[in-house]
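Please examine the sequence and the structure shown below.

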Amino acid sequence: LAPVLEADPTALLAWPDGPSDAMSLLQTIQNTRGQCAEDADRARAAFEASIATGERAVAMLRDNWDFEEMAIAQFNIAFARRELGDIDGALRDLEQVLAWDHEFGFRDELESDYATLLRWHADGEEPDPASVQRFLKDFNQTKARFEFAWKPHQARWSTEVERANLKDGVFGEVSTRYQSRVDVRRERDDWVLVTTIDGTPTVEVTGSTGTAADTERWQGMMAGLSAALPEMVVTADGTFKELRNLEQHRAAMLQEVKKLIASTRTPAAPVQSEAEIDRLLDNVLNAELVTTMASGQWDIAVGAWIGAEFDHGDWYSLTFEEPLPGFSERPVSKTMTFKVSRWLPCAGSGVARCVEVLVRVVPEPEDIARAVSEFVTRVMPAASRAEMEKALRAVTYEFEMRYRLVTEPDTLRPWSIEERKYIYASSLEGGKRAVIARRDRTLETAQYAD
């Protein structure tokens, strides 16, 4: 555990669960040491360490959206307090666990946690099973039913994009912030969404210097500007239909890029020609790529949930195929797991009329291996079989995507969308392994005029 717990955070960019899982395991080890200790002093030291470790684990697991393990870590804190003789503190911790069981729909844990609470209240006496069953009857598992019921509206979105990158041992980070306005109107039987950027995106680069910093800054600027999609059209039932006015959008983007270059250029910075800018936009504003990305974003925010009904707290999964741009012409199979995590206020405090949906998307390892093979074959067309096999053994590529959506289930009007993407790639070059690890985080929050 020590290498993980003591590692520099930049070394764990593409392994989001590593530190929190290590903390949870350490807490379990410390509680076990306390139970097996040879004397009271060692037992006390182990249980006190377990409480401190558990409190750190709870915070990390909450930030990682791993609420099941968060509740387990809290239960282990309660156990350690009870072993130390702090019964009141242990009961408070266990009541917090029960509150989370209710909030997050952990009905399988609810029975055992409530029985433990009664047992601790009664100094270890076994609880009456009938009392436990009466308590469980009061837990009515709810369902979330999603309907697409939009009305014409205006919304203002605040977006934060953070990208952390570790390449060749050098850590760099770029953050972009911008405001946008979305106007939604009816057009015959369709819905039309028009997104415009308010003001100029702000970009901040730390860690990287020279050419690397310029690259990070460019990526940050483009991340902000690319939020202003061409007009999006969806059908009356909420199905993504098309993007339109792509050429007008491209021309407007060209002007915005020129403004950004003029506002951020330093005396030592290279001068980008209009031809260079044009080539960059050809890549960023490729019609097929932009449409694919827009369709995927719409599905995560709205389209995938239309007409669905899910039990609160249960995990669901489905498999689908999607392109892997830059690697393979054939689609890659991916598995999406998701759940309705809890009900909560749409923004700030108030009535809990929105639901939180958690999503994880991971590719099938075999398909990733095939995509990497196709990529290596494409960049080494004249390689021999032995050279190809050596190259394939040298290349590793992994990624995972996570989403947190806060939306109104009865309208599917989203209030918050957070995306976290983790990428790890490595290659063996000259006997040394070159590693690239990256973490992207995008948080979008809405304010509606009504």
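The axes of helix α6 (residues 107-121) and helix α7 (residues 129-137) come within 10 Å of each other and cross at roughly 130°. Here axes are lines fitted to C-alpha atoms, for helices over the stretch in contact, and angles run from 0 to 180 degrees between N-to-C directions. Helices (H or I, at least four residues) and strands (E, at least two) are DSSP runs, numbered from the N terminus. The pair α6 and α7 is therefore oblique; angles under 35 degrees count as roughly parallel, over 145 as roughly antiparallel, 65 to 115 as roughly perpendicular and the rest as oblique. The crossing of α6 past α7 is right-handed; a crossing is left-handed if the near helix is turned anticlockwise from the far one by less than a right angle, and right-handed if clockwise. On the side of α6, the contact is made by L110, E111, Y114, A115 and L118, and on the side of α7 by S131, V132, Q133, F135 and L136, where contact means heavy atoms within 4.5 Å.

This is a predicted model, in which local features need pLDDT of at least 70, side-chain atom pairs count only at pLDDT 80 or more, and totals for chains, interfaces and linings use all residues. Residues are numbered from 1 along each chain as its sequence is written, and side-chain values use heavy atoms, with hydrogens and water left out.

Helix α6 also packs with helix α5 (residues 87-104): their axes come within 10 Å and cross at roughly 160°. That angle makes α5 roughly antiparallel to α6, and the crossing is left-handed. Residues of α5 in this contact include L91, L94 and L98, which belong to the set that meets residues of α6, among them L110, Y114 and W120.

Another pair is α3 and helix α4 (residues 67-83), which pack at an angle of about 160° with their axes 9 Å apart. They are therefore roughly antiparallel to each other. Their crossing is left-handed. Among the contact residues are F47, I51 and L61 of α3 and F67, M70 and F79 of α4.
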